[in-house]
Amino acid sequence: MRDDPTHLAEQVAVVLRHLVFLLRRYSAGQPLTSQQYGVLGSLEHGPRRMTALAEDHAVQLPTMTVQINRLEDAGLVARGTDPADARVRTVELTAEGRERLQNVRRSRIANLTRELAALTEDERATLAAALPVLAKLGRS
C-alpha cells in the first residue's frame with residue numbers, strides 16, 4: 001500500500017490541503033486574499049504578461065483581469081507594455097506591493113517557524129529530507 005501511487009496521491013493531497021489552509025490562516029485578517037498575495041508573488045521577479053499570470057494561476061483571463069484591477073486600485077501593481085511588443089500588456093509590482101508581499105511572507109515564516117519548532121528534531125529532519133521530492137512534484 002505504501003508504494004501505491006493512488007493511495008500516496010490521496011494522502012499527499014489531504015496533507016497539502018491542510019498546509020495551504022494553515023498558510024492562509026497566517027494571512028487572515030489582511031486586506032488582500034491569499035489568491036491576491038499569490039498573484040503578487042508571481043510578479044516578484046519582474047513584469048509578467050496577463051495571459052501568463054492567468055495560466056499560472058489556472059484561471060481565465062477575465063478573472064485575472066479583475067484581480068489585477070483590484071491590486072492596481074490598491075496601488076500594489078502597475079500595468080506596462082512589453083518592450084518586445086507594445087500591444088502586449090504587462091503587470092509588475094509597485095514598491096508598495098513588494099513591501100506588502102515581503103511583510104506577509106515574514107509573518108508566514110515566523111508563524112511556520114513556531115509550528116516547526118514544536119516538532120521533534122527527527123520530524124524536522126524527515127520533513128527536510130522530503131522537501132526535494134515535494135519540490136520535484138511542484139515543478140511537474
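## Starting at S42

The side chain of S42 sits 2.7 Å from that of H57, which makes a polar contact (N or O atoms within 3.5 Å; within protein, one must be able to donate a hydrogen and the other to accept it, and residues adjacent in sequence count only if both atoms are side-chain atoms). S42 belongs to helix α2, residues 34–42. Helices here are DSSP runs of H or I with at least four residues, strands are runs of E with at least two, and both are numbered from the N terminus. Skipping residues up to four places away in sequence, S42 touches R48, L53 and H57, where contact means heavy atoms within 4.5 Å.

A word on the ground rules: this is a predicted model, so local features need pLDDT of at least 70 and side-chain atom pairs count only at pLDDT 80 or more, while totals for chains, interfaces and linings use all residues. Residues are numbered from 1 along each chain as its sequence is written, and side-chain values use heavy atoms, with hydrogens and water left out.

## The rest of α2

How many of the residues in α2 are buried? The count is 7 of 9, so the helix is mostly covered; buried means under 20% relative accessible area, exposed over 50%, and partly exposed in between, with a 1.4 Å probe and protein chains only. The buried set is S34, Q36, Y37, V39, L40, G41 and S42.

Q36 is one to click on. This α2 residue counts as buried because its relative accessibility is 7%. Its side chain makes a polar contact with the side chain of Q67 at 3.3 Å. Leaving aside neighbours within four places in sequence, Q36 is in contact with Q67, R70 and L71.

## The nonpolar core

The largest nonpolar core has 17 residues, and L40, L43, M64, I68, L71, V77 and V91 touch the most other members. A core of this kind is a set of buried Ala, Val, Leu, Ile, Met, Phe, Trp, Tyr and Cys residues joined through side-chain atoms within 4.5 Å. At least two residues of this core come from each of α2, α3 (50–56), α4 (61–73), β3 and α5. In soluble globular proteins, nonpolar side chains tend to be buried together.

For a closer look, pick I68. Neighbours within four places aside, I68 is in contact with V39, M50, L53, V77, R79 and V91.

Helix α5 runs over residues 95–117, and its 23 residues reach 33 Å from first C-alpha to last, close to the 33 Å expected at 1.5 Å a residue (1.5 Å times one less than the number of residues). Its buried residues are G97, L101, V104 and N111, and they pack against α1 (5–26), α2 and β3 (85–93).

V88 is found in β3. It counts as buried because its relative accessible area is 15%.

Is A58 buried or exposed? This residue in the loop between α3 and α4 is exposed, with a relative accessible area of 71%. The phi of A58 is near 55°, a positive value in a residue other than glycine. Most residues other than glycine have a negative phi.

E123 lies in helix α6, residues 121–139, and is partly exposed at 40% relative accessible area. The C-alpha of E123 is 48 Å from that of V88, 35 residues away along the chain. E123 and G75 are 48 residues apart in sequence and 42 Å apart in space, C-alpha to C-alpha.

## The whole chain

Zooming out, the protein has 6 helices and 3 strands, in the order α-α-β-α-α-β-β-α-α along the sequence. The radius of gyration is 18 Å, whereas a compact globule of 140 residues would be near 14 Å (taken over C-alpha atoms, with the globule rule being 2.2 Å times the number of residues to the power 0.38). The C-alpha trace spans about 55 × 30 × 25 Å along its principal axes.

Buried residues make up 23% of the 140. Of the contacts with a separation of 6 or more, 48% join residues 24 or more positions apart.
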